[in-house]
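Trainee: I have a new model to read. Can you take me through it feature by feature?

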Amino acid sequence: MRILLYRADGNTAPWIKDFADFMPEAELVVWREGADLPPCDYAVLWTPPQAMLAELARVKAIFLTGAGADAIMKYSHAIPPHIPIVRLNDAGMGIQMAEYVTHAVLRYFRRLDEYESQARAGAWLQLEARDKADFSVGVMGVGALGSHVIEALKPFGFPLRAWSRSPKSLAGVESFHGEDGLGGFLGSSRVVVCMLPLTEETVHILNRTNMMKMPQGAYIINVGRGAHISEPDLLPLIKSGQIAGATLDVFRNEPLPAQHPFWQEPRITITPHISALTLRRESVEQMVGKMRQHARGEDIADVINRTKGY
């Protein structure tokens, strides 16, 4: 078996070592533009360069090194439809995402963001404790990672909401779905956690109109994709108090430009796309298992639906 590997950062040596550990019979070929490469069975990558598309049209399956699909969907027209594109399912990212979101939710619930601001001003003032029953948390997107986050939040006793594009049933969670359910979900969520895949339907799903449906003084945590939020709409809503604060790990342009106004807004917490980092060895082990399944002619999980975009 021959595997075509591409890393935009050029750091292929650790991946080659891990594939050798989990699949010693495989030959790893590193893609380089203009190189004369032998035919490969599978490709492993995230965002392919345009010049790589011809090679991708000849493999048996493409494996992504992340849980999302938006990085490759813009090129899906150039990849024959019989070639499955397979995303990662968790591979160690679920626990990281749960840690990040739980920390952000608790920070807002315990008003630690306000205490941090007071500390910078040298103020000693105890704020009124919040009632957990009034601090509902809504998660947009309840796939593998979103479900992990919901399970992590359950022990804290917050009222939990979930919104998905199709009906889902989750124990102990009030579920909403589709366009008809979005308003009710937003209106009943004091904290909205965005974990959706990025598709044409979800671009700017958190725009002014939808953010105005949230309760006054609500919070937003975005760990999905930057384009889920209409950035020009968010800032004035924070300044007006409609949105009390936002924790953002993803942005339309990354790295976030130094002149971006989000940097100057203290109620926006910025992290550099670190809520759930790909764990290389766990990812390679998962991909190897699926490659072996595919080579045996078995169905494999987590194949992207190109029509839906995820």
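Mentor: Start with the words for its parts. Helices and strands are DSSP runs, numbered from the N terminus; a helix has at least four residues, a strand at least two. Keep in mind that this model is predicted.

Trainee: Where does Asp90 lie, then?

Mentor: Asp90 sits in the loop between strand E5 (85-86) and helix H4 (93-109). Now look at the backbone. Most residues other than glycine have a negative phi, and most peptide bonds are trans. Asp90 has a positive phi, near 70°. Arg111 is not a glycine either, and its phi is positive at about 60°.

Trainee: Where is Arg111, and is it buried or exposed?

Mentor: Arg111 is in the loop between H4 and helix H5 (112-120). Its relative accessible area is 18%, and the cut-off for buried is under 20%, so Arg111 is buried.

Trainee: Which peptide bond is cis?

Mentor: The one from Glu254 to Pro255 is cis, with omega near -5°. Pro255 belongs to the loop between strand E11 (243-248) and strand E12 (268-270).

Trainee: How do I read a sheet?

Mentor: Strands of a sheet pair through backbone hydrogen bonds, either parallel or antiparallel. Here five strands make an open sheet with parallel pairing, in the order E2-E1-E3-E4-E5. Strand E2 (27-30) and E5 are at the edges with a single partner strand each, so one side of each has no neighbour in the sheet. Leu4 has Ala43 in E3 as its bridge partner.

Trainee: What about the nonpolar core?

Mentor: In soluble globular proteins, nonpolar side chains tend to be buried together. The largest nonpolar core in this model has 46 residues, and Phe19, Phe63, Ile221 and Met291 touch the most other members. H4 gives the most to this core, with eight residues. A second, separate core has 27 residues, including Cys194, Leu206, Ile229 and Ile238.

Trainee: Which residues does Ile221 contact?

Mentor: Leave aside neighbours within four places in sequence. Among the contacts of Ile221 are then Tyr100, Val101, Ala104, Val192 and Thr247.

Trainee: One last residue. Is Ser189 buried or exposed?

Mentor: Ser189 has 0% relative accessibility, so Ser189 counts as buried. Its place is the loop between helix H7 (178-187) and strand E9 (191-194). The Ser189 side chain reaches the backbone oxygen of Phe185 at 2.8 Å. Beyond neighbours within four places in sequence, Ser189 has contacts that include Ser136, Arg161 and Met214.

Terms used:
Residues are numbered from 1 along each chain as its sequence is written. This is a predicted model: local features need pLDDT of at least 70, side-chain atom pairs count only at pLDDT 80 or more; totals for chains, interfaces and linings use all residues. Side-chain values use heavy atoms; hydrogens and water are left out. Buried means under 20% relative accessible area, exposed over 50%, partly exposed in between (1.4 Å probe, protein chains only). A polar contact is a pair of N or O atoms within 3.5 Å; within protein, one must be able to donate a hydrogen and the other to accept it, and residues adjacent in sequence count only if both atoms are side-chain atoms. Contact means heavy atoms within 4.5 Å. Two strands pair if DSSP finds at least two bridges between them. A nonpolar core is a set of buried Ala, Val, Leu, Ile, Met, Phe, Trp, Tyr and Cys residues joined through side-chain atoms within 4.5 Å.
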